[in-house]
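Please look through the structure shown here before reading the points that follow. They are meant for someone who has not seen it before.

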Amino acid sequence: AAGSYQEPYRNQYHYSAKQNWLNDPNGLIKYDGVYHMFYQYNPQGNEWGNMSWGHATSTDLVHWKEQDVAIPESDENAWVDFWMKTKDDAKPVHYLGRPTTNWDVWNPNGKRYIFSGSVILDKDNVAGFGKNTLIAYYTSTYQVAVRDDDYSKDQLGNLLGIREVQEQNMAYSTDGGKTFKKYNNQNPVIPVTQVPTSDAGNFRDPKVVYDEANKQWVMPVVSGQEVDLFTSTNLKDWTFQSAIKRAHDVGNGVWECPELIPMKVKGTNKTKWVLSLSVQQGAPAGGSGMQYFIGNFDGKKFIPDSDETMKNPQWLDFGEDFYAGVTFGETPGRTIMLGWMSNWNYVGEQKTTPWHGEMTLPRELTLVRDNSGYSLKQAPVKEVNQLSQGETALDVRKIHARAQSEKTIDIKNFSGTQYKVSADFSWKKNQAPNRLGVKLRASEDGSKYVAVGYDPSSKQVYLDRTKDGESITRQNTKVKLDGNPTNIKLAVYVDTSSIEVFVNNGEKVLTQVVYPNPEQPSDSKGLAFFAESGKVTITRAVGEHFES
Ligand code: FRU
């Protein structure tokens, strides 16, 4: 059944498909005044599989209209035949792929999956498909039989095993992104035999960007635990230039969805290059998350600012649910990123139906420099303000909580399930509470809620879900602030089943999927402020209902 968008847990101002599974955003681009969002999509089911590129469009980044599938899974190049050394094999092995049934657990029809990738606008017809063609680069994923030496097309050699293979393919659209044609018989543009690491099964997620200074296109692709950089001047022939190696192990998770983002340092004319990455395991909140590194790009190599840069990845988000984020192309002067609001760690436990998976709010990134170096600041795009139904001043000014006790102030004139709450707290050092913050999605009796708060002694902003009554119990998430603050600003975006917390104007972000109180979802609309053992002044408290 097609989704009604009224189902329990259906987010109202975050994108989800009417029905069926989605994951990573792909090929984000603005074209002819319209924002296009493609994404990993299963047209046939509510679980991962049949990977295709779904499609949605928007004129304002907040209201999205679902479109027909743009690139369906396919059976191009049915027969492949190559020798290759793989990471764990000392000797090259023979790969022979052909679409037969029953040779693969997750891809029984022998189709090729359209994995993550990107879209660029070929304004000047560099590739020869015509002016203003949209060109998609994606990973074609399939499985091949590995056979021994003794074979011909009629007489197969002995089956040694099955291997997954990933290659970079190209397709183009001359109808503004509705449909894509495969690049004839020229695919793959980067075949598996050119994987620098020989890790045939983990070579994916091409994100093409224009390198203004060197008049070329750059394509980072992950390959196991490194990122390989390819360049091209004609958009078809790609040359391997260099590899970015991992400095130390972060939970052994493979890298995915790499991106090189040229960005102006705020307030200057200087361009730096940000390498952003998704890592499947080892993120601060457990499981998958996004890292970034800052440096320069010389046309061939990414040069991290120092050795420390690669050793100490910065994290984009400290919640569990910001993954596979990539930025929009063709938005000059703005770096707008959108992520899949989930985590490979627990994703199967989410049982929403008839859809599965949603996107985060689009955020604008700025690169700033301060005493501790370069970092990214993030804020929801200004277009999100359109959703506001107006500001309500919340009636809370001071909270004085006695020692060992918590004081809660229920907000009487504001409640809901889709809103933004902005709250600025300050306190004196010697009266600092143990904890302070807001309770969201609170039940009428106050026993169930999700708390977003700050603990001045550990300097941690946290999201506490121990009282949310949800069926999936996961850990609380937190992030430490620098210095010794005596005030904090929180901007919290609440939707039916998600919470995005922007701390101190986007210095730190926590994105979290939450299903409050599944037995009585309608009973979880309350908003309250709280403090524990101390005094806090609330210098600003504003609620805004969001259009849904
Ligand atoms: C990231 C990812 C990508 C891959 C896609 C498959 O979430 O694993 O690396 O291309 O999802 O759906």
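1. What pLDDT does the protein chain average, and what share of the residues score at least 70? The average is 89, and 87% of the residues reach at least 70; pLDDT is the predictor's confidence in each residue, from 0 to 100. Over residues 98-109 the pLDDT is below 50, and this stretch has 19 contacts in the model beyond near neighbours in sequence. Two residues are in contact if their C-beta atoms, placed from the backbone, lie within 7 Å. The model scores are ipTM 0.98 and pTM 0.93.

2. This is a predicted model, in which local features need pLDDT of at least 70, side-chain atom pairs count only at pLDDT 80 or more, and totals for chains, interfaces and linings use all residues. Residues are numbered from 1 along each chain as its sequence is written.

3. The domain assignment gives domain 1 (20-380) and domain 2 (384-546); such bounds come from an automatic or database assignment. In domain 1, 21 residues are in contact with 24 residues of domain 2. The side of domain 1 that touches domain 2 has nine nonpolar, six polar and six charged residues. Here Ala, Val, Leu, Ile, Met, Phe, Trp, Tyr, Cys and Pro count as nonpolar, Asp, Glu, Lys and Arg as charged, and the others, Gly among them, as polar.

4. The largest nonpolar core has 138 residues, of which Leu440, Val492 and Val501 touch the most other members. Such a core is a set of buried Ala, Val, Leu, Ile, Met, Phe, Trp, Tyr and Cys residues joined through C-beta atoms within 7 Å, where buried means 20 or more other C-beta atoms within 10 Å of a residue's own, exposed 12 or fewer, and partly exposed in between. Because domain 1 and domain 2 both give residues to this core, it lies between them. Contacts of Val492 outside four places in sequence include Val438, Leu440 and Val501.

5. The residues around the ligand include Asn23, Asp24, Arg204, Glu256 and Cys257; a residue is near a molecule if its C-beta atom, placed from the backbone, lies within 6 Å of it. By class, this shell divides into four nonpolar, four polar and four charged residues.

6. Thr179 is found in the loop between β9 (159-173) and β10 (181-182); strands are DSSP runs of E, at least two residues, numbered from the N terminus. Thr179 counts as partly exposed because it has 15 C-beta neighbours inside 10 Å. Thr179 and Asp68 are 111 residues apart in sequence, and 8.6 Å apart C-alpha to C-alpha.

Notes
Helices (H or I, at least four residues) and strands (E, at least two) are DSSP runs, numbered from the N terminus.
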